[in-house]
Amino acid sequence: MASGACREKNMRVMILGSGTAVPDPERGSPGIAVWVDGSLVFLDLGSGSAYRAARFGVQVQDLDGVIFSHLHPDHTGDLVPLLFAFRNAEWARSKPLWLWGPPGLAGHLGALESVYESWIEPLGYERRVAELFESVVSVGSWQLKTVPVRHGPPAIACALVDSKGRKLVYSGDTEPCEELISLAAGADLLILECSFPEGRVSPGHLTPGQAGRVAARAGAKRLVLTHFYPACRGHDVVGACARTYRGEITMAWDGLTLDI
């Protein structure tokens with residue numbers, strides 16, 4: 001599936017990794033590809049995200065930007081390989097590359113550059129870094145909105161709203177919070193982390209029931225659950241979520257593609 005075909009739909013979402021930092025034979029580290037009004041954007045970039053994207057047919061060299069929900073390694077692990085790849089003559093680029101993320105992103109990138117030096121510096125293109133918290137940014141014909149959420153380190157959830165008003169919301173890692181519910185109000189598609197099975201509450205994360213309550217209070221039209229630790233295997237995650245949310249629920253897998 002080429003990215004050009006995705007542009008016809010205006011907004012398309014592909015799950016690149018539905019797992020966590022724990023190696024899993026079925027689920028890669030977090031990453032999502034979104035095509036919105038002709039732009040290709042990644043939401044988080046966990047280890048192997050770019051490689052899975054290429055395997056699933058995404059034209060990674062067309063990437064316009066990456067939105068990092070927070071700076072934990074399982075959400076940023078492919079940043080260095082991606083920046084290194086963009087120095088390769090076969091992937092020479094001239095258009096800017098946006099990197100959006102929470103406070104601390106610029107320092108994180110600076111620390112990586114102190115280790116990898118010129119090997120990850122831009123070559124032939126401009127790299128634009130923006131730290132966001134409670135922010136609204138216009139990107140061409142679409143809009144990016146972010147709010148702080150509760151995870152531990154500075155973390156943000158984001159909403160992408162296209163030129164037709166269609167709204168995608170991604171939680172990143174978080175426990176339930178009013179900021180996320182407000183951002184997700186009326187979302188056409190809400191993607192929530194769901195790290196652990198019902199009954200195993202963990203600070204900074206969601207269980208299926210908690211995710212369902214967030215989606216119900218937000219009035220989201222569709223819900224996708226992702227970011228599953230191996231502990232979720234064998235549990236009826238969707239069934240537990242359905243007890244608190246009556247809309248359409250999908251349990252993500254690597255390669256899942258949805259149109260909005």
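In the predicted model, helix H5 is followed by Glu 117, whose phi is positive, near 50°. The helix itself comprises the 12 residues 105-116, which at 1.5 Å a residue should span 16 Å; the C-alpha atoms at its ends lie 16 Å apart, in agreement with this expectation. Its buried residues are Leu 105, Leu 109 and Leu 112. Viewed down the axis of H5, these buried residues fall within an arc of 60° and therefore line one face of the helix. An α-helix has 3.6 residues a turn, so residues three or four places apart point the same way. The cover over the buried residues of H5 includes helix H4 (79-85), strand S5 (97-101) and strand S6 (127-131).

Strands S5 and S6 run parallel and are joined by five bridges. Within this pairing, Gly 101 stands opposite Glu 131 of S6. The chain passes from S5 through H5 to S6, forming a β-α-β crossover that is right-handed.

Strand S9 (residues 156-161) is largely enclosed by the rest of the structure, because six of its six residues are buried. Both of its faces are covered: Ile 156, Cys 158 and Leu 160 are buried on one side, and Ala 157, Ala 159 and Val 161 on the other. S9 pairs with strand S8 (residues 142-148) in the antiparallel sense over six bridges, with Val 147 opposite Ala 157 of S9. Strand S10 (residues 167-170) also runs antiparallel to S9, and four bridges join the two; here Ala 159 stands opposite Val 169 of S10. S9 and S10 form a hairpin with five residues between them, and Gly 165 in the turn has a positive phi of about 85°.

Helix H7 (residues 208-218) is likewise largely enclosed by the rest of the structure, since eight of its 11 residues are buried. The buried residues in H7 are Pro 208, Gly 209, Gln 210, Ala 211, Gly 212, Val 214, Ala 215 and Ala 218. Among the elements that cover them are helix H6 (178-183), strand S11 (189-193), strand S12 (222-226) and helix H8 (237-242). Just after H7, Gly 219 adopts a positive phi of about 70°.

As to confidence, the mean pLDDT of the chain is 95, and 97% of its residues reach 70 or more. Over residues 1-8, by contrast, the pLDDT is below 50; this stretch has 16 contacts in the model beyond near neighbours in sequence.

Key:
Residues numbered from 1 in each chain as written. Predicted model: local features only at pLDDT ≥ 70, side-chain atom pairs only at ≥ 80, totals over all residues. Heavy atoms only, no water. pLDDT = per-residue confidence, 0-100. Contact = heavy atoms within 4.5 Å. Expected span 1.5 Å × (residues − 1). Buried < 20%, exposed > 50% of the residue type's maximum accessible area, 1.4 Å probe, protein only. Arc of directions from axis to C-beta. Pairing = 2+ DSSP bridges. Right-handed = clockwise from strand over helix to strand, strands pointing away.
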